[in-house]
Amino acid sequence: MAPRYDHLAVTVLRLDPEHPIERDYYVMRFPGRWKEPLRALAQVRRPGGPVSVPIVALNEAITALVPDCVVTLTRAGQGDQDEDWLLAYREVNPIALFNLVAHWVRAQRAEPEQISRTLAQLSADDLAWSPVRIDLTARDRQSQLIRLLPMEIAASLSRPDVHCPHGNLRFVRCPTTTGAELMSWPPQGMEEGRPFSVKIGITAQTVPTSNDELLVYLNFGVRRWLPASGHLAFDHGHSVYLAPTVPYLSGLENSRHFGTARIKRRPVKDEAGKTTWLPRWDDDLAGVLEQAGCLSRLPDPEQLVNSPVEYLQRTGDAAALVYRNGMVKGRRERVSAGLPLVDRVPVMRWAAAELAPHLQQVTDLPREKCTVYRGLAGIAEGALSPIDLSSTVGSRLTVELLTDNDATVQYALDRLSYRLGAALPAAQELNGADSVTVTGALTVTVRRVPNGAIRADLDRAGRSQPQAVQDRADLIAEQLRPAKEPTVALVEIGGQDEYDGSNRRADPKFAIRHGLLLTGRLSQFVTPVTDPWSAGSGADRERCSAAVDELFRQLGVRPTPLPEPATGTLEQRPALLALWMIRQNKGRTWGVQRQVPIAVLVDPTGCQVQIRAPKVPWQPLHTGLIEIGRTYVNVDLKYGADETVRFVKDTIDEVIASFPDTLLLTQAQNLRGPWKALTNRQLELDSLVFGTTKVPMKELLGLRHVRVRTVEGGETPECYGVAGNDTGQPGGLWRYLVDRLYGSTTGKPVTQTSALKGASKVIAGEHQGKPTAPRPQGNVWNAQFVELFVAGLQDGDRPEHWAALAHDLRNGAPYVRDATILPWPLHLAYQIEEYLLPAKISG
């Protein structure tokens, strides 16, 4: 019988004030007199626009090439005054640092005259170290300590005389722009031809209402190395870890560390003019090394790709190319992603023991035994109520099947028949004619559209990607009439693997979705049926069923209402309001960027879903998706902080005027950029701050607020259940560190039944009295710890009830078999972003 886990261990370390960590450091300030000439140099690349010193690339070069330095103020290039910039254990040669700055300047894309003018205004005499003694347990230098604490811990755990007894792992430091990272070296699995390293990420974090205390979070994983001659992708670079035996730059001392660079396929013409795509170094660090005349110290990229093991086995000047699935064609994956529980727990305990007494692992978290919505789990099966369907979409609904595959059509018709509770014709009976079925107050039309031109690959033919997308949208408009009633389309098309690498730009999915949306249709893709009608076709049928269910999700139809609250918890079901920022800042789509706030409102029953945006009033989900897409998909628009906060305030006021109780759900990483009130430092208990106005919760009648934070950016820890000497991965709600703060975990999903917690990747074991070898290929699943902070309550509320409600809503998505990372309304909002605006369309 499986043990019951009533406590949860988290990979969090707390500083012990009775055992302070005090260290002597040296600080270097970024010279204020450098900023204007460096801004002028940056202006060459961005004429007419606001420009700051592009210090990020310089900081990355320092992090990679000067491992004994840490960048403590990443925005030291702003303003006009001297600013604290670097900290080091010793006085790193200022002339060597200045030479690095000079190499970085020469690597900028500017005319030689501009480079010379800039360098003439910089001097090595402007760089100087000053001694400083820092108490790492102090709470008044947070901006420095956020960088210093991980650096200190990484230094302690990577000392030459320290090793982890679990697998005899020895760690070295790796460069990172946030926190610190350790990687075991030499790699595991070399003799078996499946090399990998264990990695430990280290960050300093805060939690709400305890902002003056820094906590240390450790996270664990594996980094896989290319095991044989491989293939690089066409559309992204590949990371290479480098361990030089002597520093790349003169004047620096070497230390036990790894640096990083990236290689990417680049077009190279031979003497005959023929173009071949070959591996080449491709990043700012390589540019700096080239200017320094030591790029040749790096391995030859072609040799590294063709003979990676040779470099992995070197004792000096080793190099390791990070492996991704599919880089070795025809090879079965021999190392899975992730580090299993049986390895994570002993490595965590070793790290905590090594760092004691200065840091202590936090006490195990107790379970919060509270459930509000019972029975929310798995897909809501059964037929959809015709009354609910018609109340959501009206009296008519059209379903179009864009496929020429009879099996796909039949599987889709079977699921439609099941969900509608009505008999539908067989695939062969459609034959281009509409099938009309009346179910209660709803008339459903099913139409087959075997139009291959709509689903064909994009043909660039000398056109830009946006123009090719627009041409496909125009074709769809010509082929399909504008929808005059709610219409959903199931589109059969190749999956992501078919459009990987050099074929990525031929992927027509966004163009198809955009064209269908402009004609008033919602859409869902399904990959082609591989083995129709055979005994093994269950996976095909399952995919088609899930795709049909996804169409009903987009319509905003919930099969069953949310349950009534459990006795002794909430008096009544609240409305659910999720606020979300659609953000496309890092990757461009269609040549434009956008940042648009949206709101998702679910009525207390869960059966009515509405959405709105600044230019789109409240309306049902299915019409709102189309309206928001038409309004924003091709608009270069970024709502600023003031506009976003105004939208948030107006939305909340409208909702609380309509419902007696409302739960507001936000995600910290998504919305705190424009709405600063969601940051740990500015979060106010039992009030909301709109700009400069603070509004108490009691004036926002019936409103409660739960802020969600996920693992994104390493902001939540890893976890495992504890029951005596046993460890596991339980689901549940857990009380976490401070009042009103909770952790939410879910059990292993059905898709991960093959993941075994006891199969080590690192050490040999024993099974039924027989020795077993390590299993690097074993499937790994680890629970994600989702932080729930009950930020706003009304008088008389109990915070655990609202935390439990948010936790229960992770099982609230009606067409998802397993729990979602975000509570259901936030998950809906996230899906809207993914539906309307893919992260990247290659130009």
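Are Phe-30 and Trp-34 buried or exposed? Both Phe-30 and Trp-34 are buried, where buried means under 20% relative accessible area, exposed means over 50%, and partly exposed lies in between (1.4 Å probe, protein chains only).

## About the model

This is a predicted model, in which local features need pLDDT of at least 70 and side-chain atom pairs count only at pLDDT 80 or more, while totals for chains, interfaces and linings use all residues. Residues are numbered from 1 along each chain as its sequence is written, and side-chain values use heavy atoms, with hydrogens and water left out.

## Aromatic pairs

A search of the whole structure turns up 13 aromatic pairs. The rings of Phe-30 and Trp-34 have centres 5.8 Å apart and planes at 80°, so this pair is edge-to-face. Here, rings of Phe, Tyr and Trp (its six-membered ring) pair if their centres lie within 6.5 Å; planes under 30 degrees apart count as stacked, over 60 as edge-to-face and the rest as tilted. Ring pairs also link Phe-30, Trp-34, Trp-85 and Phe-98 into a cluster.

Trp-225 and Tyr-241 form another edge-to-face pair, at 5.7 Å centre to centre with 70° between the planes. This pair links distant parts of the chain: Trp-225 is in the loop between strand S10 (215–224) and strand S11 (238–243), and Tyr-241 is in strand S11, 16 residues apart. Helices (H or I, at least four residues) and strands (E, at least two) are DSSP runs, numbered from the N terminus. Trp-225 is buried at a relative accessible area of 1%, and Tyr-241 is buried at 7%.

Helix H21 (residues 824–836) has 13 residues and reaches 18 Å from its first C-alpha to its last, close to the 18 Å expected at 1.5 Å a residue. That expected span is 1.5 Å times one less than the number of residues. Of the 13 residues of H21, 11 are buried, so the helix is largely enclosed by the rest of the structure.

Trp-824 is one of the buried residues of H21, and the charged end of Arg-558 sits over its ring, 4.5 Å from the centre. Likewise, the charged end of Lys-649 sits over the ring of Phe-690, 5.6 Å from its centre. A charge sits over a ring if NZ of Lys or CZ of Arg is within 6 Å of the ring centre and within 35 degrees of the ring normal.

## Nonpolar cores

The largest nonpolar core has 83 residues, of which Phe-552 and Val-600 touch the most other members. Such a core is a set of buried Ala, Val, Leu, Ile, Met, Phe, Trp, Tyr and Cys residues joined through side-chain atoms within 4.5 Å. Not counting residues up to four places away in sequence, Phe-552 touches residues including Leu-384, Leu-416, Arg-419 and Tyr-815, with contact meaning heavy atoms within 4.5 Å.

## Cysteines and backbone

The structure holds zero disulfides, a disulfide being a pair of cysteine sulfur atoms within 2.5 Å. Cys-544 is buried at a relative accessible area of 1%, and Cys-607 is buried at 12%.

Now for the backbone. A cis peptide bond with omega of about 5° joins Trp-185 and Pro-186, and Pro-186 is in the loop between strand S8 (180–184) and strand S9 (196–205). Thr-209 has a positive phi of about 65° although it is not a glycine; Thr-209 counts as partly exposed, at 44% relative accessibility.
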